Amino acid sequence: MFCIAIMGVLGLGLAGCAGSPGSVDVSGTQAMQVDRGYALASVNQFRAQNGLGPLRYSAKLDQASTRQARAMAAEDRMSHSVEGKLSSRVSQYGYSWGSIAENIAYGYPDTARAMTGWKNSAGHRKNILNPRVTEMGFAMAAGPNGIPYWAMIFGTENKRMLVDR
(Lines give C-alpha, C1' and ligand atoms only; values in the text may rest on other atoms or scores of the structure.)
Protein backbone atom coordinates (compact mmCIF):
# COMPACT_ATOMS: atom_id res chain seq x y z
CA MET A 1 0.00 0.00 0.00
CA PHE A 2 1.30 3.42 -0.89
CA CYS A 3 0.05 6.62 0.62
CA ILE A 4 0.97 10.24 0.07
CA ALA A 5 0.03 13.48 1.74
CA ILE A 6 0.81 17.14 1.25
CA MET A 7 1.35 20.19 3.35
CA GLY A 8 0.65 23.56 1.83
CA VAL A 9 2.74 26.67 1.69
CA LEU A 10 3.57 28.36 5.01
CA GLY A 11 3.23 25.16 7.03
CA LEU A 12 -0.46 25.20 7.80
CA GLY A 13 -0.89 22.34 10.24
CA LEU A 14 -3.29 20.25 12.20
CA ALA A 15 -2.88 22.02 15.53
CA GLY A 16 -5.10 19.67 17.51
CA CYS A 17 -2.93 16.60 16.92
CA ALA A 18 0.50 18.16 16.67
CA GLY A 19 3.55 17.15 18.67
CA SER A 20 6.51 19.40 19.13
CA PRO A 21 9.93 19.38 17.47
CA GLY A 22 12.10 16.69 19.00
CA SER A 23 9.24 15.08 20.95
CA VAL A 24 9.31 11.69 19.23
CA ASP A 25 11.89 9.06 20.24
CA VAL A 26 13.47 8.10 16.91
CA SER A 27 16.12 5.77 18.36
CA GLY A 28 14.37 2.70 16.93
CA THR A 29 14.43 4.11 13.39
CA GLN A 30 17.07 4.41 10.74
CA ALA A 31 17.51 7.06 8.08
CA MET A 32 17.86 5.08 4.88
CA GLN A 33 20.04 5.76 1.87
CA VAL A 34 18.18 7.66 -0.84
CA ASP A 35 19.24 8.82 -4.26
CA ARG A 36 19.25 12.56 -3.60
CA GLY A 37 20.85 13.25 -6.97
CA TYR A 38 17.98 11.50 -8.74
CA ALA A 39 15.39 13.30 -6.59
CA LEU A 40 16.88 16.73 -7.27
CA ALA A 41 17.31 16.03 -10.98
CA SER A 42 13.76 14.69 -11.19
CA VAL A 43 12.30 17.74 -9.42
CA ASN A 44 14.34 20.14 -11.55
CA GLN A 45 13.47 18.40 -14.81
CA PHE A 46 9.79 18.49 -13.86
CA ARG A 47 10.03 22.18 -12.94
CA ALA A 48 11.85 22.98 -16.23
CA GLN A 49 9.11 21.19 -18.20
CA ASN A 50 6.69 23.56 -16.49
CA GLY A 51 8.69 26.74 -17.08
CA LEU A 52 10.23 27.03 -13.60
CA GLY A 53 13.81 27.40 -12.44
CA PRO A 54 15.78 24.71 -10.64
CA LEU A 55 15.97 24.09 -6.91
CA ARG A 56 19.15 23.41 -4.94
CA TYR A 57 19.67 21.25 -1.90
CA SER A 58 19.53 22.79 1.54
CA ALA A 59 21.38 20.96 4.32
CA LYS A 60 18.93 22.46 6.83
CA LEU A 61 15.87 21.26 4.93
CA ASP A 62 17.57 17.90 4.49
CA GLN A 63 17.99 17.63 8.27
CA ALA A 64 14.35 18.60 8.82
CA SER A 65 13.23 16.04 6.18
CA THR A 66 15.30 13.31 7.81
CA ARG A 67 13.87 14.07 11.24
CA GLN A 68 10.30 14.09 9.83
CA ALA A 69 10.78 10.75 8.06
CA ARG A 70 12.27 9.21 11.22
CA ALA A 71 9.50 10.61 13.46
CA MET A 72 6.82 9.17 11.17
CA ALA A 73 8.63 5.82 11.08
CA ALA A 74 8.92 5.81 14.89
CA GLU A 75 5.21 6.50 15.29
CA ASP A 76 4.34 4.20 12.36
CA ARG A 77 1.99 6.82 10.98
CA MET A 78 2.10 9.35 8.22
CA SER A 79 1.41 12.83 9.56
CA HIS A 80 2.52 16.36 8.78
CA SER A 81 2.20 17.22 12.46
CA VAL A 82 3.79 14.20 14.18
CA GLU A 83 6.34 16.62 15.69
CA GLY A 84 4.53 19.90 15.32
CA LYS A 85 3.98 22.45 12.60
CA LEU A 86 6.28 22.50 9.60
CA SER A 87 7.33 26.07 10.39
CA SER A 88 8.55 25.04 13.87
CA ARG A 89 10.31 21.95 12.56
CA VAL A 90 12.35 23.78 9.92
CA SER A 91 13.11 26.64 12.32
CA GLN A 92 14.57 24.06 14.72
CA TYR A 93 17.34 23.49 12.16
CA GLY A 94 18.07 27.19 11.73
CA TYR A 95 16.02 27.65 8.57
CA SER A 96 14.59 31.16 8.59
CA TRP A 97 11.77 30.46 6.18
CA GLY A 98 9.88 32.83 3.96
CA SER A 99 7.98 30.10 2.12
CA ILE A 100 7.78 26.38 2.94
CA ALA A 101 5.88 23.30 1.80
CA GLU A 102 6.10 19.58 2.48
CA ASN A 103 5.32 16.32 0.72
CA ILE A 104 5.20 13.09 2.73
CA ALA A 105 4.55 9.48 1.78
CA TYR A 106 4.97 5.92 2.97
CA GLY A 107 5.30 2.49 1.45
CA TYR A 108 7.19 3.41 -1.70
CA PRO A 109 10.18 1.06 -2.08
CA ASP A 110 12.52 3.53 -3.79
CA THR A 111 13.15 7.16 -4.69
CA ALA A 112 11.86 6.85 -8.26
CA ARG A 113 8.48 5.49 -7.17
CA ALA A 114 8.07 8.10 -4.43
CA MET A 115 8.83 10.85 -6.95
CA THR A 116 6.37 9.40 -9.47
CA GLY A 117 3.67 9.22 -6.80
CA TRP A 118 4.17 12.86 -5.85
CA LYS A 119 4.26 14.08 -9.47
CA ASN A 120 0.99 12.28 -10.20
CA SER A 121 -0.83 13.81 -7.22
CA ALA A 122 -2.32 17.28 -7.75
CA GLY A 123 -1.39 18.65 -4.32
CA HIS A 124 2.14 17.26 -4.34
CA ARG A 125 2.62 18.45 -7.88
CA LYS A 126 1.61 21.95 -6.72
CA ASN A 127 4.31 21.88 -4.03
CA ILE A 128 6.98 20.66 -6.47
CA LEU A 129 5.97 23.38 -8.93
CA ASN A 130 5.70 26.14 -6.33
CA PRO A 131 7.42 29.17 -7.91
CA ARG A 132 8.17 30.64 -4.46
CA VAL A 133 10.54 27.86 -3.34
CA THR A 134 14.23 27.70 -4.21
CA GLU A 135 15.55 24.81 -2.10
CA MET A 136 14.63 21.35 -0.95
CA GLY A 137 15.52 18.56 1.44
CA PHE A 138 14.67 14.90 0.94
CA ALA A 139 14.79 11.80 3.15
CA MET A 140 13.47 8.33 3.83
CA ALA A 141 13.50 6.38 7.07
CA ALA A 142 12.27 3.03 8.31
CA GLY A 143 11.21 1.82 11.73
CA PRO A 144 11.30 -1.68 13.19
CA ASN A 145 8.58 -2.87 10.77
CA GLY A 146 10.70 -1.84 7.75
CA ILE A 147 8.02 0.37 6.15
CA PRO A 148 9.66 3.31 4.35
CA TYR A 149 8.46 6.81 5.26
CA TRP A 150 9.37 9.68 2.94
CA ALA A 151 9.62 13.45 3.47
CA MET A 152 10.45 16.21 1.00
CA ILE A 153 10.53 19.77 2.29
CA PHE A 154 10.66 22.79 -0.01
CA GLY A 155 11.52 26.30 1.06
CA THR A 156 12.96 29.73 0.55
CA GLU A 157 14.72 31.49 3.38
CA ASN A 158 13.61 35.01 4.30
CA LYS A 159 16.90 36.55 3.23
CA ARG A 160 16.61 34.95 -0.22
CA MET A 161 13.02 36.14 -0.64
CA LEU A 162 14.13 39.73 0.01
CA VAL A 163 16.95 39.47 -2.54
CA ASP A 164 14.68 37.90 -5.18
CA ARG A 165 12.03 40.62 -4.99
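This report walks through the fold, sheet, cores and selected residues of a predicted model.

## Overall fold

The protein has 165 residues, and 51% of them are buried. Its secondary structure comes to six helices and six strands. From the N terminus on, the order is β-β-α-β-α-α-β-α-α-β-β-α. The accessible surface is about 7400 Å². Carbon and sulfur atoms hold 53% of that surface.

## Strand pairing

β5 (135-142) and β6 (148-157) pair in the antiparallel sense over eight bridges. Within that pairing, F138 has M152 as its bridge partner in β6. β6 also pairs with β4, again antiparallel, through nine bridges. There, I100 stands opposite G155.

Strand β2 (residues 30-32) joins β5 in the antiparallel sense over three bridges. A31 stands opposite A141 in that pairing. Strand β3 (residues 56-57) joins β5 in the parallel sense over two bridges, and R56 stands opposite E135.

| Strand pair | Sense | Bridges |
|---|---|---|
| β4 and β6 | antiparallel | nine |
| β5 and β6 | antiparallel | eight |
| β2 and β5 | antiparallel | three |
| β3 and β5 | parallel | two |

How many residues of β5 are buried? Eight of its eight residues are, and the strand is mostly covered. Cover comes on both faces. E135, G137, A139 and A141 are buried on one side. M136, F138, M140 and A142 are buried on the other. β4 is also largely enclosed by the rest of the structure, because nine of its 10 residues are buried.

## Nonpolar cores

In soluble globular proteins, nonpolar side chains tend to be buried together. Here the largest nonpolar core has 21 residues. W118, M136, F138, W150, M152 and F154 touch the most other members. The elements giving two or more residues to this core are α1 (36-49), β4 (97-106), α4 (111-119), β5 and β6. The largest share, four residues, comes from α1. A second, separate core has 13 residues, including V24, A71, V82 and A151.

M152 shows how these elements meet. Leaving aside neighbours within four places in sequence, M152 is in contact with A39, V43, S65, A101, E102, N103, M115, W118, M136, G137 and F138.

In α4, the buried residues are T111, A114, M115, G117, W118 and K119. D110 caps the N-terminal end of this helix. One of its side-chain oxygens lies 3.3 Å from the backbone nitrogen of A112.

## Aromatic pairs

The structure holds three aromatic pairs. The rings of Y106 and Y149 have centres 5.5 Å apart and planes at 20 degrees, so this pair is stacked. The two tyrosines link distant parts of the chain: Y106 is in strand β4 and Y149 in strand β6, 43 residues apart. Y106 counts as buried because its relative accessibility is 18%, under the 20% cut-off. Y149 is buried too, with a relative accessible area of 2%. Elsewhere, ring pairs link W118, F138 and W150 into a cluster.

## A buried polar residue

N103 sits in strand β4. Its relative accessible area is 0%, so N103 is buried. What does the side chain of N103 contact? It makes a polar contact with the side chain of N127, at 2.8 Å.

G146 lies in the loop between β5 and β6. That hairpin has five residues between the strands, and G146 takes a positive phi near 80 degrees. G146 counts as partly exposed, at 46% relative accessibility. A73 is 73 residues away from G146 in sequence, yet their C-alpha atoms are 8.6 Å apart in space.

D76 lies in the loop between α2 (59-75) and α3 (86-92). Its phi is near 50 degrees, a positive value in a residue other than glycine. D76 is partly exposed, with a relative accessible area of 41%.

How values were computed
Residues are numbered from 1 along each chain as its sequence is written. This is a predicted model: local features need pLDDT of at least 70, side-chain atom pairs count only at pLDDT 80 or more; totals for chains, interfaces and linings use all residues. Side-chain values use heavy atoms; hydrogens and water are left out. Buried means under 20% relative accessible area, exposed over 50%, partly exposed in between (1.4 Å probe, protein chains only). A nonpolar core is a set of buried Ala, Val, Leu, Ile, Met, Phe, Trp, Tyr and Cys residues joined through side-chain atoms within 4.5 Å. Contact means heavy atoms within 4.5 Å. Accessible areas come from the Shrake-Rupley method with a 1.4 Å probe; for residues, only the protein chains shown count as cover. Rings of Phe, Tyr and Trp (its six-membered ring) pair if their centres lie within 6.5 Å; planes under 30 degrees apart count as stacked, over 60 as edge-to-face and the rest as tilted. A polar contact is a pair of N or O atoms within 3.5 Å; within protein, one must be able to donate a hydrogen and the other to accept it, and residues adjacent in sequence count only if both atoms are side-chain atoms. Two strands pair if DSSP finds at least two bridges between them.
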